[in-house]
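Please keep the structure in view while reading.

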Amino acid sequence: MKIVPIPAFRDNYQYLVIDDKGTKQAAIVDPVDIDSIQENVLKEKVKLVAGFVTHHHNDHSNHAHKLVPTFGNEVTVYGNDEARIAGQTKNTTDGGVFKIGNLGVKTLHTPCHTTTHVCFFVDDLTTGEKAVFTGDTLFIGGSGRFFEGTAEQMDAALNTKLASLPDDTKVYCGHEYTVGNLKFAATVDGENPHVRAKLRWAEEQRANHQFTVPSSIGDEKKFNPFMRVREPALKKATGKEDPLEVMDVLRTRKNNF
Ligand SMILES: [Zn+2]
């Protein structure tokens with residue numbers, strides 16, 4: 001599997017996901033800029049067969065409705081919110097499975113940032129490589145805001161659903177927020193050497209105009225405070241025992257950070 005990050009707007013990522021060892025079929029995650037999508041499809045010499053829309057927010061779904069007119073009727077646009085995603089052609093929700101060439105795709109419903117948010121887990125059936133596209137649910141070193149949900153839902157999304165994916169699953173998130181997230185992490189988990197090391201690395205990457213994606217599920221468990229709400233350090237920093245209360249305090253503090 002080959003994954004090409006295509007930046008858009010100020011700090012969004014679209015991703016071209018390619019079955020590069022097999023059919024050369026490809027999917028675009030969170031299509032918001034049709035020109036850059038077209039450019040990359042041509043450059044990579046692939047056949048675009050699908051769009052994956054993680055959630056309805058404009059900066060993730062803006063050009064979903066342009067995929068079929070641009071790339072033809074064989075393109076399937078997957079999402080979980082027919083009412084709010086213009087251009088969605090096929091609904092997919094928790095446990096929904098389908099294929100893009102030799103790539104197996106599984107939909108994970110992760111409500112909280114929005115009620116209908118989904119993540120897409122992709123398993124290359126040829127090479128065994130795994131990736132998850134997490135939209136605005138899981139960021140590197142952080143989580144999305146709880147616009148339409150609760151700490152309990154975000155905990156289930158991050159610490160049950162996403163945490164149970166194999167540790168070597170690569171994480172591709174919806175925004176380049178890594179440095180800010182890890183600066184916040186350092187205020188609540190400052191003794192954690194993984195936080196400090198990842199922050200230094202991320203700052204270097206950005207200084208060199210490089211992306212900080214991907215991360216991995218195993219690594220996120222080491223430095224992402226929202227995936228560490230059961231750790232003593234985070235309980236101490238927030239003054240809470242209940243992991244859901246820890247999650248809530250972290251989110252409130254991050255919103256004001
Ligand atoms: Zn969003």
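Predicted model: local features only at pLDDT ≥ 70, side-chain atom pairs only at ≥ 80, totals over all residues.

By class, the residues that line the largest pocket comprise 3 nonpolar, 6 polar and 5 charged residues. In general, rolling a probe the size of a water molecule over the atoms shows where empty space is left. Here, the largest pocket has a volume of about 260 Å³. Its lining consists of 14 residues, and those nearest the centre of the pocket are F139, R145, Y177, R251 and K254. Helix 9, which covers residues 243–255, supplies the largest share of this lining, namely 3 residues.

The largest nonpolar core holds 32 residues, and the members that touch the most others are I3, Y15, V17, F52, I100, V122 and F133. What is Y15 in contact with, leaving aside its neighbours within four places in sequence? The contacts of Y15 are I3, V4, P5, A27, I28, V29, F133, Y172, C173 and V213. Another core, of 25 residues, lies apart from the largest one, and L162, A163, V229 and L234 are among its members.

In general, most residues other than glycine have a negative phi, and most peptide bonds are trans. The peptide bond from V213 to P214, however, is cis, with omega near -5°. P214 is placed in the loop between helix 6 (193–207) and strand 14 (215–216).

D30 is not a glycine, yet its phi is positive, at about 50°. This residue belongs to the loop between strand 3 (25–29) and helix 1 (34–44). K45, likewise not a glycine, has a positive phi near 55°, and it is found in the loop between helix 1 and strand 4 (47–52). Are these two residues buried or exposed? D30 counts as buried because its relative accessibility is 2%, and buried means under 20%. K45 counts as exposed because its relative accessibility is 69%, and exposed means over 50%.

The last topic is the pairing of charges. Side chains of opposite charge can pair when their charged atoms come close. How many salt bridges does the count come to? The count comes to 14 salt bridges. In one of them, the side chains of K240 and E245 meet at 3.8 Å, N to O. K240 has a relative accessibility of 31% and is therefore partly exposed; E245, at 37%, is partly exposed as well. Salt bridges with shared partners also join D81, R84 and E148 into one network.

E148 is partly exposed, at 29% relative accessibility, and R84 is partly exposed, at 33%. A further salt bridge joins the side chains of E241 and K235 at 3.7 Å, N to O. E241 counts as exposed because its relative accessibility is 60%.

Terms used:
Residues numbered from 1 in each chain as written. Heavy atoms only, no water. Salt bridge = Lys/Arg side-chain N within 4 Å of Asp/Glu carboxyl O. Buried < 20%, exposed > 50% of the residue type's maximum accessible area, 1.4 Å probe, protein only. 1 Å grid on protein atoms, 1.4 Å probe; cavity = no way out; pocket = protein on both sides within 12 Å on 5 of 7 lines; lining within 4 Å. Points joined across faces, edges and corners; volume = space filled by probe spheres on them. Helix = DSSP H or I, 4+ residues; strand = E, 2+ residues; numbered from the N terminus. Nonpolar A, V, L, I, M, F, W, Y, C, P; charged D, E, K, R; others polar. Core = buried A, V, L, I, M, F, W, Y, C linked by side-chain atoms within 4.5 Å. Contact = heavy atoms within 4.5 Å.
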